[in-house]
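Please read it alongside the structure shown below.

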Amino acid sequence: MPGIHSQTSAETPVATGLLGPDRTWHLGAGLMTVATVVAFTIWSFLHAGRDVNAFLLILAIAFGLFMAFNIGGNDVANSFGTSVGAGTLTMKQALVVAAVFEVSGAVIAGGSVTETVRSGIVDLDGLTVDPLGFALIMMSALLGAAVWLLLATRMGWPVSTTHAIIGGIVGAAVTTGLVTGTGGLAMVQWGEIGKIAVSWVLSPLLGGIASFLLFGAIKRQILAPAARAIALGSRGYDDAEDDEDDDENDESEDGEQHHMPVTERMTELQQSAFAESAALDLTPGGPGAELVESAASLSKKERKAARKVERRAAYHALEKRVPPLAAAAAMLLSAMLVFKGLNNLGLQIPLAGGLLALAMIALGVWMATTIFARALKKQTISRATFIMFSWMQVFTACAFAFSHGANDIANAIGPFVAVLDVLRTGAISSEAAVPTAALVAFGIALVSGLWFVGRKVIHTVGSGLTAMHPSSGFAAELAAATIVLLASVLGLPVSSTHILIGAVLGVGVVNHAANWRLMRPIALAWIITLPAAAGIGAVVVLVLRAIF
């Protein structure tokens, strides 16, 4: 799993042959997807009954799974972008983690009951529409949202799938009302639209502030000693060969190094070590460059002595400061799963019992992390730091995947189940049960979308907005989880996608490396998501009404 490797894992692999180097994985994912579509189609016909409109049901299945596929390509890819970009997970490992935790979240906590209309954004009570017309609205919303998500994904823009499905419902419903003369723009709950507009600013702002504060603290308290130990190394990195290299150098060679320009001492390997620790700035005049310059003026013995001091400080930080951080992260992630995942099961957990469970989880994680940190003392400080934060980020990625599967899958499965219920019963119900078969099929579609079309979004989040490493990726994910949890408790109008993007930018601000130029088209995509999906949904509903 975690290991020190380059960040090329976030990029599309070089193509060799018909399907590239991942031919087996492509074929496996493709066969899994085709088998799921076929099996789910057969199940849907058996579930809907003999008198169902076959063509309409096939279209509904196609639109629903296509929406889930694009949620995987955009929203799930956004969630795994920091892990893949940091080198914590490869693309294949991300696929496996997503397959386990996304599908588990969907099946276990995807909601046994879903509202027919996912949001109160459109007042359908005032719309005189028959069951078929209602089904066409939901199908149009699915396709309208899915098409826009695919376009955004191809451009590498992470956008809100919730805003997309809301836009699709608005466009299809308003268009239906205008065509039938039973409704119009007055059906739209403009106050809800205002909340969405607020989320464009509030979500990334809160995520950015939380990430800025958290990663800044991690950088100062945990990473800085490791970075200083690396800087004091004779060849720009910290391992056992450093001391051997010092012993082999005579005083004349050491003296020559004293007068070597700082730019020549900053080898590619050295810069890589600094980037990995993400704790010092190597730009001219920055603290990293100044430290290298000062280290060059030290004698061999002085540098070795100083490096030993920084090594001890770095290992002390890993053993004493990381465990409480990991324990706090475990409590926050567990609470997020309860509020954003397991609450869909209708579980009533007493406050005292919940707090006790969280405390026990935190204590267990604290003890395990302490033992793990002590075991890493045999590793070089750079590798120990990398491995520690890599494993911590693996757990945040798993928690995000489970929570995501439990919640955002409803953006695809909610409208689809509404259509399926209409085709099965011939009536519009306020609520419709979600069959387990649908949860499994849509969960697999999420994973398929991640593998086939999610790489550009992963590249944007993992390396496009700023360079990601396990420590910064962990900080971004934990900060995002914290804001998602607080927003759920306080009822703030936020988007988890926008929060995570803000958290990534917060890391970039700390490292003075945020790509604001790339953020411009992403912010524009956020704004036009709702009207774009609405426009496509409006066109689709007109076409479907003409056909049916």
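Is isoleucine 209 buried, partly exposed or exposed? Isoleucine 209 is partly exposed, at a relative accessible area of 44%, where buried means under 20% relative accessible area, exposed over 50%, and partly exposed in between (1.4 Å probe, protein chains only). The model is predicted: local features need pLDDT of at least 70, side-chain atom pairs count only at pLDDT 80 or more, and totals for chains, interfaces and linings use all residues. Residues are numbered from 1 along each chain as its sequence is written, and side-chain values use heavy atoms, with hydrogens and water left out.

**Nonpolar surface patch**

- Isoleucine 209 is found in helix α6; helices are DSSP runs (H or I, at least four residues), numbered from the N terminus.
- Val201, Leu205, Ile209, Phe212, Leu213, Val509 and Trp516 make a nonpolar surface patch of about 690 Å².
- Such a patch is made of residues with over 30% relative accessible area and no salt bridge, with nonpolar side chains (Val, Leu, Ile, Met, Phe, Trp, Tyr) joined within 5 Å; accessible areas come from the Shrake-Rupley method with a 1.4 Å probe, and for residues only the protein chains shown count as cover.
- The most is given to this patch by helix α6 (residues 190-231), with five residues.

**Salt bridges**

- Six salt bridges are found in a search of the whole structure, each being a side-chain nitrogen of Lys or Arg within 4 Å of a carboxyl oxygen of Asp or Glu.
- Side chains of opposite charge can pair when their charged atoms come close.
- Arginine 374 and glutamate 319 meet through their side chains in a salt bridge of 2.9 Å, N to O.
- That pair links distant parts of the chain, 55 residues apart, with arginine 374 in helix α14 (residues 351-375) and glutamate 319 in helix α12 (residues 300-320).
- Arginine 374 is partly exposed at 48% relative accessible area, whereas glutamate 319 is buried at 10%.
- Glutamate 319 also has a salt bridge with lysine 377, at 3.1 Å from N to O.
- Because glutamate 319 lies in helix α12 and lysine 377 in the loop between α14 and α15 (381-407), this pair ties together parts 58 residues apart in sequence.
- Lysine 377 is partly exposed, with a relative accessible area of 44%.
- Through shared partners, salt bridges join Glu319, Lys320, Arg374 and Lys377 into one network.

**Buried contacts**

- Serine 211 lies in helix α6 and is buried, with a relative accessible area of 0%.
- The serine 211 side chain reaches the backbone oxygen of alanine 503 at 2.6 Å.
- Contacts of serine 211 (heavy atoms within 4.5 Å), leaving aside neighbours within four places in sequence, are Gly216, Ala476, Ala479, Ala503, Gly506 and Val507.
- Phe80 and Phe442 touch the most other members among the 138 residues of the largest nonpolar core, a core being a set of buried Ala, Val, Leu, Ile, Met, Phe, Trp, Tyr and Cys residues joined through side-chain atoms within 4.5 Å.
- Not counting residues up to four places away in sequence, phenylalanine 442 touches Phe40, Gly64, Leu65, Ala68, Ile409, Ala412, Ile413 and Phe416.

Definitions and conventions
Patches are made of residues with over 30% relative accessible area and no salt bridge: like charges are joined within 9 Å, nonpolar side chains (Val, Leu, Ile, Met, Phe, Trp, Tyr) within 5 Å. Helices (H or I, at least four residues) and strands (E, at least two) are DSSP runs, numbered from the N terminus. A polar contact is a pair of N or O atoms within 3.5 Å; within protein, one must be able to donate a hydrogen and the other to accept it, and residues adjacent in sequence count only if both atoms are side-chain atoms.
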